[in-house]
Amino acid sequence: MFHHVKELQFNARVSKPDVRFAKLLLEQFGGPNGELKAAMQYFVQGFGCRKPHPDVYDMLMDIATEEFSHLEIVGATIQMLLTGVNGELKNAADESDLNKMLDGKAAKENYIHDAMTNPHFFVVSGGTPVLTDSVGNPWSATYIMGMGDLTADLRLNIGAETSAKMVYENLMKFTDDAYVKETLRYLMTREVAHFQMFQAALDSIQPNFPPGILQSDPKFSNKYFNMSKGDDFKGPWNQGKSPEMGEEWQVINNPVEHVRETNGLLNEKVQGTMRTEESVQEDNQALSAERKAEVDAATLPKNGIMSWSVYEDGLKAKSNENKKQ
């Protein structure tokens with residue numbers, strides 16, 4: 001159940017209209033890394049974990065709802081940055097006021113040039129926010145990512161918060177308005193907060209690597225293929241032990257020769273790991289059974305009736321009925 005509170009979560013302010021920056025800010029209104037994308041992604045992901053992971057469902061819905069509030073903040077900021085445009089566009093009988101607002105022919109030509117990079121923003125929307133990115137691409141549900149596996153979804157969300165944080169960081173370079181920067185800094189900071197929330201939720205699920213259920217093939221999970229010529233750099237990605245599985249990295253310095261010698265890797269041998277094909281299959285079976293039992297116990301109906309919510313008043317009524325009996 002949603003309940004809209006008319007005051008903004010953060011009191012957005014602007015010092016003066018700025019049509020150009022309003023258009024840039026559309027990136028966080030209807031762009032692929034924007035607030036609507038985040039809100040819808042977390043909202044959709046929440047359905048799959050409502051029963052088996054009610055704690056994470058609660059977090060996802062809280063953050064999704066906050067993202068909707070951020071969408072409102074961005075929209076309000078865009079509208080304030082467009083102050084004067086909507087009214088002047090209503091003045092259909094006289095162009096003189098628009099010319100004055102744009103400070104002459106040169107400014108008007110620049111305005112028209114900007115409008116043509118996103119005509120809906122100025123011509124169709126009438127000077128109000130539209131669900132497009134900064135160059136006019138319409139918002140799309142294809143931005144939404146969810147795999148139906150909680151560990152995978154949380155990693156996707158960590159990436160989404162990272163991208164959104166970087167967009168706000170870049171946007172702050174293109175405005176001199178201290179009030180707008182204040183709002184952008186707040187929104188950027190909430191991305192950092194959400195990043196930590198998703199990371200903490202991921203850490204609370206054990207095991208959480210690899211994403212999903214099936215374990216990786218021990219013949220290839222610790223192989224590093226040196227696929228380029230020139231300086232060979234070393235780091236924790238190709239020397240020592242792998243960070244998640246603790247396997248010894250095996251560097252293949254001549255991938256072409258190695259592929260030919262192993263008949264296209266079909267004859268690859270297990271090296272640098274204690275895992276075997278037998279142990280992998282055992283882990284696959286064990287984790288599959290564990291996750292299935294977890295979901296079934298939380299979702300399968302006990303009396304043939306499935307209910308999404310339990311209402312307090314309904315519980316009281318049932319309790320009173322039982323007492324009468």
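Okay, let's start with a term: a salt bridge here is a side-chain nitrogen of Lys or Arg within 4 Å of a carboxyl oxygen of Asp or Glu. Keep that in mind, and keep in mind too that what you're looking at is a predicted model.

So, how many salt bridges does that rule give? The count comes to 7, and I'll walk you through some of them.

Take Arg-13 and Glu-182. Their closest N and O atoms sit 2.9 Å apart, so they count as a salt bridge, given the 4 Å cut-off. Where are they in the chain? Arg-13 is in the segment before helix H1, which covers 19–25, while Glu-182 belongs to helix H10, residues 178–203.

Glu-66 is in helix H4, residues 54–81, and the two are 124 residues apart. Buried or exposed, what is Glu-66? At 12% relative accessibility, Glu-66 counts as buried, because the cut-off for that is under 20%. Arg-190, at 22%, counts as partly exposed.

Now over to the loops. Arg-275 makes a salt bridge with Glu-247, with closest N and O atoms 2.9 Å apart. Arg-275 is in the loop between helix H11 (255–261) and H12, and Glu-247 is in the loop between strand E1 (223–225) and strand E2 (250–252). Here both ends are buried: Arg-275 has a relative accessible area of 15%, and Glu-247 has 2%.

Asp-133 lies in the loop between helix H8 (119–124) and helix H9 (150–171). Asp-133 is buried yet has no salt bridge, and the nearest side chain of opposite charge, Lys-23, is 9.9 Å away. What does the Asp-133 side chain reach instead? There's the backbone nitrogen of Gly-136, at 3.0 Å, and the backbone nitrogen of Asn-137, at 2.8 Å.

Last stop, the surface. Glu-277, Glu-278, Glu-282 and Asp-283 form a negative surface patch. Asp-283 sits in helix H12, residues 277–299.

Note on methods:
Residues numbered from 1 in each chain as written. Predicted model: local features only at pLDDT ≥ 70, side-chain atom pairs only at ≥ 80, totals over all residues. Heavy atoms only, no water. Patch = residues over 30% accessible without salt bridge, like charges linked within 9 Å, V, L, I, M, F, W, Y side chains within 5 Å. Areas by Shrake-Rupley, 256 points an atom, 1.4 Å probe, with all protein chains shown as cover. Lys, Arg positive; Asp, Glu negative; His and termini not counted. Charge placed at Lys NZ, Arg CZ, Asp CG, Glu CD. Helix = DSSP H or I, 4+ residues; strand = E, 2+ residues; numbered from the N terminus. Buried < 20%, exposed > 50% of the residue type's maximum accessible area, 1.4 Å probe, protein only. Polar contact = N/O pair within 3.5 Å; in protein donor to acceptor, adjacent residues only side chain to side chain.
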